[in-house]
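Please look over the sequence and the structure shown below before reading on.

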Amino acid sequence: MALHRLTTITVGVPDVAAAAAFYREFGLAEHAPGTFETSAGGEQLRLLPATRRGLVELGIGADDPDDLARIARALDKLGMAASADGTALQAVEPVTGLAITVTITPRTSAPAAERVTCNAPGRIERANRPAEGVLRNDPVRPIKLSHVAIASPDHEATIRFFTDGIGFAVSDRPAFGAFMRCSEDHHNLAVQMGPGTFLHHTAWEVADVDEVGRGGGAMIGADPARHVWGLGRHAIGSNFFWYLCDPAGNFAEYVSDLDRITDAGAYEPPMWAGPQMVRAWAPPMPPEFLAPRDLGEVLGELLS
Ligand SMILES: [Fe+2]
């Protein structure tokens with residue numbers, strides 16, 4: 001029938017123990033060493049030792065064997081190989097070397113989040129009591145893996161692999177890349193142009209903006225050097241965000257209120273222009289958001 005979600009990502013890091021400590025603190029549950037679960041998505045992150053940080057594998061969930069057959073045919077048409085059995089298909093995106101595994105797996109659904117109230121002039125939703133978000137004191141726990149963003153030195157070819165080959169739908173297509181989905185989420189994968197291949201960020205969905213703020217605040221309260229950018233709201237996708245940096249240099253984003261596309265025919269991407277497309281409102285974007293601290297290493301590897 002269709003692709004329906006991201007399943008698990010594998011991220012390579014030079015120091016697995018340090019990265020694992022970060023993601024435990026970020027709110028993921030480590031159910032085996034280096035393997036993490038979200039509250040509604042099951043196992044969604046594996047850390048592997050690697051000489052340089054990067055996304056090693058992207059897992060995608062599909063409904064049935066017809067989906068795997070369709071992907072195998074589409075990749076063949078593009079001149080790309082795939083290996084498949086009755087339950088999974090494996091391929092490699094040729095520009096970035098990213099391994100893709102599409103698995104037939106049941107759909108998951110997160111329990112409906114608590115409806116939070118919001119007072120405004122002329123509209124009282126909550127009287128005689130404080131806001132729900134200010135009374136929370138439990139640790140923030142991401143509900144599911146929302147999306148990943150990667151840079152590719154030939155982003156058009158990488159985007160084609162995911163749209164024409166794997167079957168992602170394009171939600172927004174700014175000049176610098178594409179925001180693509182394999183579910184009703186506005187984007188599960190963003191591919192941007194880059195001087196080399198690198199993982200820009202992984203993004204983890206929490207219930208609401210209070211959870212984004214509580215999570216980001218706790219992470220930089222423990223170590224201010226983790227702060228990258230936030231709290232803010234993207235225009236593309238509409239989501240609230242706060243980006244943090246893990247010990248390997250990967251950005252990890254808390255996300256809430258991402259757009260959902262339930263009817264592709266009814267969705268018209270706005271004509272975004274200028275920096276507002278990335279930043280509806282937020283503190284100024286730090287340079288490292290566009291050029292991560294280890295970009296020199298990425299470029300060095302290209303030149304060597
Ligand atoms: Fe993001």
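Ala178 is found in strand β11, which covers residues 177-181. With a relative accessible area of 1%, Ala178 is buried. The model discussed here is a predicted one, and the points below are grouped by topic.

**Surroundings of Ala178**
- Setting aside neighbours within four places in sequence, Ala178 makes contact with Ile159, Asp172, Arg173, Leu189, Ala190 and Val191.
- Between Ala178 and Arg214 there are 30 Å in space, C-alpha to C-alpha, and the two residues are 36 apart in sequence.

**The chain as a whole**
- The secondary structure of the protein chain consists of 7 helices and 16 strands.
- The radius of gyration of the protein chain is 19 Å, which agrees with the value near 19 Å that a compact globule of 304 residues would have.
- Along the principal axes, the C-alpha atoms of the protein chain fill a box of roughly 65 × 45 × 45 Å.
- Buried residues make up 49% of the 304 residues in the protein chain.
- Of the contacts between residues at least 6 apart in sequence, 70% join residues at least 24 apart.

**Surface and charge**
- The protein chain exposes about 13,800 Å², and 57% of this area is supplied by carbon and sulfur atoms.
- The protein chain carries 25 positive and 38 negative charges, and the mean positions of the two sets are 4 Å apart.

**The iron site**
- Three residues coordinate the iron ion, namely His147 through NE2, His201 through NE2 and Glu253 through OE, at 2.1 to 2.2 Å.
- Along the chain, the donors of the iron ion follow the spacing H-x53-H-x51-E.
- His201 belongs to strand β13 (residues 198-205) and Glu253 to strand β16 (residues 251-256), so this pair ties together parts of the chain that are 52 residues apart in sequence.
- Both His201 and Glu253 are buried.

**Thr197 and its contacts**
- Thr197 is located in the loop between β12 (189-193) and β13.
- The relative accessible area of Thr197 is 25%, so Thr197 counts as partly exposed.
- Not counting residues up to four places away in sequence, Thr197 touches Arg52, Val95, Thr96, Ala151, Pro153 and Val298.
- Thr197 and Ala74 are separated by 123 residues in sequence and by 24 Å in space, C-alpha to C-alpha.

**Backbone features**
- Most residues other than glycine have a negative phi, and most peptide bonds are trans.
- Gly230 and Leu231 are joined by a cis peptide bond, with omega at about -15°.
- Leu231 lies in strand β14, which spans residues 227-233.
- Asn128, which is not a glycine, has a positive phi near 70°.
- The loop between β8 (99-104) and α3 (132-135) holds Asn128, and Asn128 is exposed, with a relative accessible area of 85%.
- Asp257 also is not a glycine and has a positive phi of about 60°.
- Asp257 is placed in the loop between β16 and α6 (287-290), and at 42% relative accessibility Asp257 counts as partly exposed.

Methods
Residues are numbered from 1 along each chain as its sequence is written. This is a predicted model: local features need pLDDT of at least 70, side-chain atom pairs count only at pLDDT 80 or more; totals for chains, interfaces and linings use all residues. Side-chain values use heavy atoms; hydrogens and water are left out. Helices (H or I, at least four residues) and strands (E, at least two) are DSSP runs, numbered from the N terminus. The radius of gyration is taken over C-alpha atoms; the globule rule is 2.2 Å times the number of residues to the power 0.38. Buried means under 20% relative accessible area, exposed over 50%, partly exposed in between (1.4 Å probe, protein chains only). Contact means heavy atoms within 4.5 Å. Accessible areas come from the Shrake-Rupley method with a 1.4 Å probe; for residues, only the protein chains shown count as cover. Lys and Arg count as positive and Asp and Glu as negative; His and the chain ends are not counted. The place of a charge is taken as NZ of Lys, CZ of Arg, CG of Asp or CD of Glu. Donors are N, O and S atoms within 2.8 Å of the metal (3.2 Å for Na, K and Ca); water is not among the atoms, so sites may look incomplete.
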